[in-house]
Amino acid sequence: MLKLSHVNTFYGNIQALKGLSIEINEGEIITLIGANGAGKTTTLMSISGVVPPRSGEIIFDGVPIHAMSPEKIVKMGLCQVPEGRRIFPQLTILENLDMGAYLREDKDGVQQDLDYVMDLFPILKERRNQAGGTLSGGEQQMLAISRALMARPRLLLLDEPSLGLAPLIIRQIFDIIARINKENGTTIFLVEQNANLALKSAHRGYVMENGVVTLSDTAENLLANEEVKKAYLGI
Amino acid sequence: MELEYFFELFLGGLVKGSIYALIALGYTMVYGVVELINFAHGEIYMLGAYTALIVASVLTVLGFPQLAIVVMAGLAAIIWASAYGYTVEKVAYKPLRKAPRLSPLISAIGMSIFLQNYVLLAQTDKFLPFPELIPEFEFWEPYSHIIGSPSLMILVSTVIIMMLLTYIIKYTTMGKAMRATAQDRTMAMLVGISVNKVISFTFVIGSSLAAVGGVLVASQMGQINFYIGFMAGIKAFTAAVLGGIGSIPGAVLGGLVLGMTESLATGYISSDYEDVFAFALLVLILIFRPAGLLGRNTTQKV
């Protein structure tokens with residue numbers, strides 16, 4: 001469904017991605033783990049078209065998207081929940097969700113999805129007229145995921161959804177991620193520093209270091225891998 | 001007598017202030033979305049007045065009725081000024097969007113000088129008489145000693161325009177996209193908002209407001225030249241900073257406070273120092289409230 005081959009991305013003169021290749025199949029939950037500064041966020045920003053790669057190919061559903069504008073990529077059904085959630089702080093929750101559906105024109109479908117995410121996270125319904133910036137970290141993460149779902153994505157990119165959240169909330173968020181994958185068939189590409197958690201919820205995983213993939217396998221095998229254990233699982 | 005004098009100054013300040021507010025909105029909205037002080041904004045105001053003058057003159061010669069002239073001259077000013085605002089952004093600011101912040105600022109000043117001189121060359125350096133587009137309404141005759149028809153017209157139209165603007169920004173999709181882009185541009189891109197479109201839209205709206213301001217003021221003053229945009233622009237910029245640049249209610253409040261200060265101070269102290277009062281107020285506000293009256297200096301919760 002999504003294929004990155006030999007992607008090179010730069011920030012000015014600094015190369016953040018060095019020939020990165022990743023493949024994601026429809027219906028999968030794929031995780032990308034790695035240390036701080038390995039290039040995980042850059043990978044997602046390159047896929048979304050915010051920091052386009054200088055060379056290499058990114059193919060989504062058979063269409064090359066590496067030179068497309070972010071809005072065209074969203075329109076194709078590829079959405080991102082970025083690191084730090086990035087809620088529009090002065091828009092209400094309802095307006096934040098509205099913005100998620102910005103490119104959609106099917107009013108009935110949008111209403112249906114609005115009901116769906118409010119059912120998924122009832123707290124959003126309760127606070128729908130409150131400014132996004134007044135929510136707690138966990139609630140903001142729920143809103144960020146819901147906002148992305150409002151675009152009815154076929155592939156959802158999640159950047160560190162567990163960052164800064166209490167364990168109980170993390171559990172809840174990851175349950176929802178699994179549910180979205182199972183119920184809607186949404187393919188999920190999950191970037192995480194919390195490798196243990198990520199590998200337990202994913203089908204396959206990639207390990208990234210200094211802008212390249214150093215290891216890729218099924219999630220089970222990676223969990224059992226000695227190197228991964230030592231470097232990322234703290235065992 | 002005392003009270004009547006005060007009331008007169010008060011209304012004068014209100015009229016002046018609402019014009020400042022109209023122009024200040026353009027500064028503040030553009031700043032909110034692209035973090036740029038659009039120094040060419042005053043020139044857009046001037047271009048609006050010139051467009052209205054040309055269209056009104058032609059229509060008068062052709063013998064159109066007064067009302068048709070007002071409406072068509074106003075619309076022409078809005079459309080023409082918006083086209084300029086749109087083009088200025090595309091030509092002078094868009095190529096510099098990733099440049100250091102000083103570059104677009106210098107580009108803006110250049111654009112302002114260019115537009116002034118372009119009008120100077122295309123028109124003349126002399127003051128041109130501007131027709132009284134706003135007639136003395138007959139039904140308003142009994143009250144015209146309190147506030148004249150043109151002033152009343154300015155007040156009514158700015159109130160209507162501000163209500164319209166509030167509606168656009170609060171409830172339309174484009175308005176929401178504008179606020180979203182102002183708050184987090186990268187995230188706006190990630191939900192599929194075309195940032196270029198939002199920026200163009202902002203310039204068009206701001207320019208329309210400036211054009212309306214230009215037409216209203218010119219028609220009240222009775223004359224224009226190529227330089228009127230400079231002072232109006234500086235004053236409106238002061239109003240925007242006064243209210244807190246980037247804040248839309250702030251621009252309106254700043255405009256009113258500035259107009260009121262000028263009017264009362266000239267009425268009670270001296271009319272020679274009108275501009276001194278305006279800028280003294282700015283200095284005072286910046287000392288005690290650097291972010292402006294309604295400016296945000298809150299830290300955002302992550």
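Two residues are counted as in contact if their C-beta atoms, placed from the backbone, lie within 7 Å. The legends below describe a predicted model, in which local features need pLDDT of at least 70 and side-chain atom pairs count only at pLDDT 80 or more, while totals for chains, interfaces and linings use all residues. Residues are numbered from 1 along each chain as its sequence is written, and chains are lettered from A, ligands being numbered from 1, in the order in which they are written.

**Figure 1. The contact between chain A and chain B.** Chain A contributes 23 residues to the contact and chain B contributes 17. On the side of chain B that touches chain A, the elements giving two or more residues are α6 (173–183) and α7 (185–190) of chain B. Helices here are DSSP runs of H or I with at least four residues, and strands are runs of E with at least two, numbered from the N terminus. Helix α6(B) supplies the largest share of that side, five residues. Sorted by class, the side of chain B that touches chain A holds eight nonpolar, five polar and four charged residues. In this classification Ala, Val, Leu, Ile, Met, Phe, Trp, Tyr, Cys and Pro are nonpolar, Asp, Glu, Lys and Arg are charged, and the others, Gly among them, are polar.

**Figure 2. Overall build of chain A.** Ten helices and ten strands form the secondary structure of chain A. The C-alpha atoms of chain A fill a box of roughly 45 × 40 × 30 Å along the principal axes. Of the 235 residues in chain A, 46% are buried. A residue is called buried if 20 or more other C-beta atoms lie within 10 Å of its own, exposed if 12 or fewer do, and partly exposed in between, with C-beta atoms placed from the backbone. Among contacts in chain A between residues at least 6 apart in sequence, 67% join residues at least 24 apart.

**Figure 3. The six-stranded open sheet of chain A.** The strands of this sheet follow the order β6-β7-β8-β3-β9-β10 (chain A), and their pairing is mixed. The edges are formed by β6 (78–81) and β10 of chain A, each with a single partner strand, so one side of each is left without a neighbour in the sheet. On average, neighbouring strands of this sheet are turned by 20° against each other, direction ignored. Two strands are said to pair if DSSP finds at least two bridges between them. Strands β3 (residues 29–34) and β8 (residues 187–192) of chain A run parallel and are joined by five bridges. A:Thr31 has A:Leu190 as its bridge partner in β8(A). Helix α1 (residues 40–48) of chain A lies across β3, β6, β7 (155–159), β8 and β9 of chain A, and runs at about 150° to β7(A). For such angles, axes are lines fitted to C-alpha atoms, for helices over the stretch in contact, and values run from 0 to 180 degrees between N-to-C directions.

**Figure 4. Surroundings of A:Pro53.** A:Pro53 is placed in the loop between α1 and β4 (55–60) of chain A. A:Pro53 counts as buried because it has 24 C-beta neighbours inside 10 Å. Leaving aside residues up to four places away in sequence, A:Pro53 touches A:Val7, A:Asn8, A:Thr9, A:Leu17, A:Ser46, A:Ile58 and A:His66. The C-alpha atom of A:Pro53 is separated by 23 Å from that of A:Thr187, 134 residues apart along the chain.

Figure 5. A:His6, a residue other than glycine, has a positive phi near 50° and lies in strand β1 (residues 2–11) of chain A. A:His6 is partly exposed because 13 C-beta neighbours lie inside 10 Å. A:Asn210, which is not a glycine either, has a positive phi of about 50°. A:Asn210 belongs to the loop between β9 (204–209) and β10 (212–218) of chain A, and is partly exposed with 14 other C-beta atoms within 10 Å.

Figure 6. Chain B has eleven helices and two strands. The C-alpha trace of chain B spans about 60 × 45 × 35 Å along its principal axes, and 48% of its 302 residues are buried. In the largest nonpolar core, of 160 residues, B:Ile23, B:Ala24, B:Ala49 and B:Val215 touch the most other members. Such a core is a set of buried Ala, Val, Leu, Ile, Met, Phe, Trp, Tyr and Cys residues joined through C-beta atoms within 7 Å. Residues touched by B:Val215, not counting those up to four places away in sequence, include B:Gly48, B:Ala49, B:Ala73 and B:Leu133.
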